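I opened this entry to keep track of what I looked up.

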Amino acid sequence: MATIKDIAKYAGVSHGTVSNVLNHKGNVSTEKILLVEQAAKALGYQMNSQASGLRSGKSKTICIIVPGIDMKMYGKLYAGIEKALHDMNYTIEILCSEGMPDKESRLLKKALSMQPTAIVLASSAYKNEEAVPEDTMVVMVDRYVKGFPDNAVFISFDYERAGREIAEKCIRDGNKSVALMCENRRYTSNRSFIKGAADVLESEGAYLEVMEVPAPLKFNRAFDVLYASDPFDAVITMSREDVENIKMAHTFNLRAELPELYSVVSRDFGFENGNMYEMDYKLMGKHIAELILKKDAGAPDESGDGSEAVQREIIEEGRFPQQRVYQRKGEETLKLLTVKNSTSEAVRRLLPLFQEQSRIRVNVVEAPYDELRKMVCKMKDESAFDLVRIDMAWMLGEGGQIFREMDCGNDIIQRIRSSVFDGIPEEYYSVNGTMYTLPLDACVQMLFCRKDLFEDELIKREYYETRRKKLLVPRTYKEYNEIAEFFTRRYNRRSPVSYGTALTYGRSYTAACDLLPRFYEKGGHMPDGSGKVAVDTQEMRDALTDYLQSIEYATKEPHFWWRESAKEFAEGNVAMNILFSNYAADMVHNISSKVAGKIIYAEVPGGRPLLGGGSIGITKSTDKEETCLQFLEWLYSDEIAEMVTYLGGFICNRNIVNNAEILELYPWIQDIERMFRKGKRGRKEKNERYDEFALEDILGSAVISASSGVSTPEEALEDAQKICNRMFNQ
């Protein structure tokens with residue numbers, strides 16, 4: 001194998017230069033980076049990250065030791081850790097102890113010999129005898145083990161609560177004789193689980209028999225449960241595999257009655273049996289990876305004393321799938337009017353399930369944005385629809401006219417409101433303090449950048465050499481334009497992409513959405529402090545100048561809708577894009593996406609994003625309010641909100657941020673609530689005549705006029721001001 005010395009000789013550079021390039025250190029010119037990379041490729045050199053780490057006294061290795069790699073919960077745990085650390089140059093080793101303490105001890109010695117950054121351990125022992133260096137992070141999963149350094153972390157689900165809630169369901173279902181199968185009750189999670197279940201079952205007078213089952217004998221024990229002389233009503237287990245063992249044993253004697261089965265299971269995507277209590281081990285893996293990164297970076301303690309941040313104990317929560325019982329009166333039909341987008345498409349795919357469960361048919365009419373606007377404006381007090389999804393920018397003008405007031409004391413409305421993101425403002429719900437709607441696919445503008453470009457050492461060095469500054473995610477629109485120019489091939493022939501950005505200004509209101517955050521960044525207000533709608537101002541002129549500059553670095557044809565911009569980004573043609581978050585999924589759902597897994601997200605430059613998306617309400621003219629509420633309860637349920645989001649839509653249920661599968665696909669969702677709090681739109685400030693949607697139409701027309709050369713920027717804003725004066729300022 002080629003050595004660093006061979007590469008240096010082949011490339012005609014020093015040994016130190018090669019080392020700096022291969023270890024991603026700065027102060028190496030673009031020319032030399034290219035020489036070293038070409039030489040390494042020609043000689044077939046591959047960097048051994050573990051050996052490199054050992055030379056420095058510490059390897060970027062994570063060792064995961066589990067009782068069984070065939071157990072789904074540990075497969076999910078590994079997947080969560082691996083996914084979060086995939087791009088961080090860590091080597092991840094998974095080792096299986098088969099539930100035997102002696103083997104685990106040998107594996108721990110093997111792991112320590114690698115000088116790992118961290119050891120993640122689901123232990124089968126009660127005490128550790130190995131000497132562990134203080135700088136090796138130890139994370140104990142579910143089972144606490146004595147003998148590790150004081151800074152070790154214990155992370156587990158709330159197993160006592162799980163045992164309690166499973167036992168409560170057992171009692172509700174009428175079971176009086178219960179077997180509880182687990183491994184050694186001395187394990188922390190098992191002990192807590194047994195306590196939670198026993199407290200409930202014993203207080204209710206039910207019989208409980210705890211059966212400890214060593215891992216190799218689980219299938220044998222399943223027969224013991226089924227052939228008990230006094231049959232059990234129910235069996236509670238602690239893994240999906242235990243449930244499968246009991247079902248398999250039952251196939252050998254189908255005449256025997258199969259007890260009701262309850263279990264803790266690692267969360268899967270989709271619908272789970274109502275007796276299965278879900279714990280998201282993949283999300284736990286993600287959290288463990290975040291702890292490792294924090295520790296490896298030497299993050300300061302929150303107390304500010306300079307010590308490394310260590311959280312000794314972390315408890316996560318599981319849950320039962322939501323159970324809904326519908327009043328099946330007979331066949332009913334609802335009519336829903338909505339904009340045609342990814343959310344409506346996903347909901348339509350799931351509606352057959354709702355019809356089967358409730359005998360309620362929902363006919364969905366999907367209209368393009370422009371057509372939906374016309375239909376809503378014509379409704380007033382009469383509508384052919386029972387439910388309408390309205391754009392939040394129209395709420396002030398149309399909400400009170402077409403929707404009936406929602407009963408804030410209604411149980412369903414209260415449950416839905418408690419399930420949505422906290423950061424969503426009242427403008428999605430109400431008009432002048434009266435509640436008419438619920439936020440549906442509420443969204444916020446976000447900045448998306450190509451991670452593979454922004455973290456490429458050669459590109460970073462070239463940017464530094466041409467701009468004399470680091471290539472970082474832009475925080476201002478000035479930086480945004482500088483980076484967009486750098487990535488536009490017309491201005492930089494070495495750019496790996498054709499354009500710096502994609503803009504959505506083919507329609508007036510989409511153009512305004514791109515312009516207004518620039519205006520707010522410059523300190524502009526709409527309306528101004530006196531309530532006047534002033535667009536011919538220095539702040540707006542500067543914002544329009546910035547935007548016209550951005551157009552120079554964008555794709556040649558203006559996009560009419562954000563899905564088109566997302567597609568442009570997905571196809572790898574641009575380096576950056578600003579989208580409303582409910583269209584961001586199109587970047588990875590596109591079948592030809594070249595950026596999936598390669599996206600950096602951030603708040604928009606200037607930190608003043610626009611809010612967007614829409615809300616759903618019950619029309620004044622419907623006589624099916626109760627049926628509408630049943631549909632809304634189904635739509636906002638955790639399982640349906642998650643499935644809609646997974647399919648590329650978005651329902652603003654806060655629980656989706658606790659689903660590791662969703663966060664893996666759409667990591668930006670975990671920060672949407674924070675960005676909502678910075679968003680702006682839909683407020684009537686000191687001007688009763690002000691109509692935000694009408695203003696956006698006026699401003700967007702000015703953008704299109706100026707960008708097409710029909711008028712100068714000054715003329716475009718001057719004309720826009722005249723219209724604003726007639727509409728809002730008289």
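Strands here are DSSP runs of E at least two residues long, numbered from the N terminus. The model I am reading is predicted.

**Entry: S266.** I looked up where S266 sits and found it in strand β9, which covers residues 260–266. Is S266 buried or exposed? Buried means under 20% relative accessible area. The relative accessible area of S266 is 3%, so I noted S266 as buried. Next I listed what S266 touches, leaving out residues up to four places away in sequence: K72, M73, K76, R240, M279 and Y281.

**Entry: α7 and α8.** Two packed helices are described by the angle between their axes and the distance between the axes. I looked up both values for helix α7 (residues 159–172) and helix α8 (residues 188–203): the angle is about 35° and the axes are 7 Å apart. The crossing of α7 past α8 is right-handed. On the α7 side, the residues making the contact include Y159, I166 and I171, and on the α8 side they include F193, V200 and L201. I sorted the residues of this contact into 9 nonpolar, 4 polar and 4 charged.

**Entry: nonpolar cores.** In soluble globular proteins, nonpolar side chains tend to be buried together. The largest nonpolar core in this model has 145 residues. Among those with the most contacts inside this core are F631, L632 and W668. I then checked F631, setting aside its neighbours within four places in sequence, and found contacts with L334, L336, L351, F354, V362 and L387. A second, separate core has 52 residues, including V66, Y90, C170 and V200.

Terms used: Residues numbered from 1 in each chain as written. Predicted model: local features only at pLDDT ≥ 70, side-chain atom pairs only at ≥ 80, totals over all residues. Heavy atoms only, no water. Core = buried A, V, L, I, M, F, W, Y, C linked by side-chain atoms within 4.5 Å. Buried < 20%, exposed > 50% of the residue type's maximum accessible area, 1.4 Å probe, protein only. Contact = heavy atoms within 4.5 Å. Helix = DSSP H or I, 4+ residues; strand = E, 2+ residues; numbered from the N terminus. Axes fitted to C-alpha atoms, helices over the stretch in contact; angles between N-to-C directions. Left-handed = near helix turned anticlockwise from the far one by under 90°. Nonpolar A, V, L, I, M, F, W, Y, C, P; charged D, E, K, R; others polar.
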